[in-house]
Amino acid sequence: MTGNNQSPRSLTSIITAALLLCTLFSYAGDIDKAFKYLNTGDYPNAKKFLIEALADEPDNAGVNYGLAKFFSMKDNPAYNLDSAIVYISAAAKKIPFKEDDKLTKKFLALGVRDYTIQTLQKTINFDAYAAAEQKNTFESYQHFIDHYTDKSFLEQAINFRNQKAYMKALMSKSVQQMEDFMNKYPDASDIKEAKETFEKWRYEQATADGSYQSYKKYIELYPTGKYVPEARDNYYEKLLKFYANKNTIEGYVEFVKLYKNHPAHGDIQDTIYKMATKENTVEAFKNFIANYQDNRNIIDAWDQLYLLYTAEGTQNDYLTYIQAFPDAPNKDKATRDIEISARDLKPFQSNDKWGYAILPMTDSIVMPIVPQYEEAYEFSNGLAAVRSKPCASDGRCSYSYINKANFKVFTDEFNYAGNFDHGYAIVGVGNCEDEDSCLYGVINKRGKFVIPPVHQEINDASEDYYLVAQNDKYGYLDRKGDVVVSLKYTDGLPYSQGMAAVCIDGNWYFIDKTGKQAFISSFRNVQSFSDSLAAVTQDGELWGYIDMAGTFVIQPAFESAEDFTGGFAIISKKEKDPKNKSMTISQRYKIDKTGKILEKLTAPKDLAKKATKKKGGRR
């Protein structure tokens, strides 16, 4: 065909394009007006044109951005962040914009682009989270979680929501509500504490009457329950009381025979031992050894018998013992004692060298170990640290350990050597005259490390825990070298009365032996617990005393404060000098555990305001 006639399909396309162009122009006019009114604060007209534009094109990013901005303007009477987040989320779904798209160019002209959408979205989330935080309720955080999108704020909201939920369950004192919390919020930061509380409440509820049957039933119902050991203890206690009421050696012998798995089995063996040997005579110990070969105190009984036979410590005593008991397990000890008797070796210096002499010293000094060492320290646990060679030019010294026969007990040497205590000694490797150049560890009596020398600091074991520092972080190890409280603190003090003070960013807290914070209070500085009280200061100036629950029993009022000992402590207060009213002095007083002043002390002196630590043990 020829001419100007057009096909129906071409005509339809032209009409569609024309209609689309008209719609676009109509939409453009609405959105232009909407943004004009929005930017000038004419919110009613802005809303009108935005709603009209949204009706024409619900998924339009520019319109949704405009409505989000409309509802997020704080001077807008219609301010509503819940609405704003809906619209900005719809707009965000359309990004990134296509650079060559006509709508994109229109959006750019209106100031709408990927960045502005993302920025407004963050602002809406920020304002919504701030509102939730201001209310600080379970409902406000849950509302934010249900409606808003920012991941970082959601994490915080979820955390606080969970905390509020936990506190609600905690306040309820209900086993069921605590179980519901654990099931609903398994990832809550308090879940561990919640589980512990749940276990405790469940145990208390099941055993409320304290009867034998209730403890047995708890064990049967919850065989893996946390308090099964405690329930079993209570179960065993009833049985133990039956025999304790009899309080006869025959009854205790029967108990030991029938209940070998009872936790008190060893204690009852000890009771049998005490009852059988209460007269503390040779015959009593001989009879015990003859009749109770399986008792765990049998070796101790031999030692006690040995002590009775050799009370005077003469050669004849030791010979008599060996003749009377030729098969005694401590026969070798008696033989050695015949040779060396009961020598008391003490370090002794002569001509700048150290050895060991037998005390008491007379005009004729007996020195089983002649002066030969540069340094020599007291024997402890049968071993003593000595230094044979001069220290190096950099100050580094080397120490070894000897026994009372002057034998070097192992080949390893150390640059720091502490006294043995309970079979373990703190030693150092490096230039230990320089505090920053020495690493500390702990060895056993064979010279083997149970705690490797990797620590900047190790304090003497206190209540079976070592306070250690590594990479400037403090924590606690047991005597086996296992970490019992992780090394995460900026400072710390040794355990005392079951608690230790630890510091994070200048704030001191008290923890128990599990590492759990004992109470919520924190302090500027502290001393260790002594006599069930600890001196603390919250402002760094005035000291008072708290009890083991963290409650002030003596309010902060002192310039300085010492530990309580035997129910008394020494404090000092700033007072006017009676001889010169324009001057002040530090007056010292003796107080009791109520804070009552008992005595005014003379000779003021500077008092330590913080419990001290002793690096490395001995020196």
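## How α8 and α9 pack

The axes of α8 and helix α9 (residues 175-184) come within 8 Å and cross at roughly 165°; axes here are lines fitted to C-alpha atoms, for helices over the stretch in contact, with angles running from 0 to 180 degrees between N-to-C directions. That makes α8 roughly antiparallel to α9, a label for angles over 145 degrees, while under 35 counts as roughly parallel, 65 to 115 as roughly perpendicular and the rest as oblique. The crossing of the two helices, α8 and α9, is left-handed, meaning that the near helix is turned anticlockwise from the far one by less than a right angle. Helices themselves are DSSP runs (H or I, at least four residues), numbered from the N terminus.

Let's look at the residues involved. From α8, Asn162, Ala165, Tyr166, Lys168, Ala169, Leu170 and Ser172 meet Gln177, Met178 and Phe181 of α9, where contact means heavy atoms within 4.5 Å. Sorted by class, this contact of α8 with α9 has six nonpolar, three polar and one charged residues. Ala, Val, Leu, Ile, Met, Phe, Trp, Tyr, Cys and Pro count as nonpolar, Asp, Glu, Lys and Arg as charged, and the others, Gly among them, as polar.

## About the model

This is a predicted model, in which local features need pLDDT of at least 70 and side-chain atom pairs count only at pLDDT 80 or more, whereas totals for chains, interfaces and linings use all residues. Residues are numbered from 1 along each chain as its sequence is written, and side-chain values use heavy atoms, leaving out hydrogens and water.

## Helix α7 and its cover

Helix α7 (residues 138-147) has these buried residues: Phe138, Ser140, Tyr141, Gln142, Phe144 and Ile145. Buried means under 20% relative accessible area, exposed over 50%, and partly exposed in between (1.4 Å probe, protein chains only). Their cover includes α6 (114-135) and α8 (151-172).

## The cysteines

Two disulfides turn up in a search of the whole structure, each a pair of cysteine sulfur atoms within 2.5 Å. With the bonded cysteines of the protein chain numbered in sequence order, the pairing is 1-2, 3-4.

Cys391 is partly exposed at 30% relative accessibility, whereas Cys397 is buried at 6%. Cys432 and Cys438 form a disulfide too, their sulfur atoms 1.9 Å apart. The torsion about the S-S bond of Cys432 and Cys438 is about 55°, so this disulfide is right-handed. Cys432 is buried, at 14% relative accessible area, and Cys438 is buried at 2%. Elsewhere, Cys503 counts as buried, with 6% relative accessibility.
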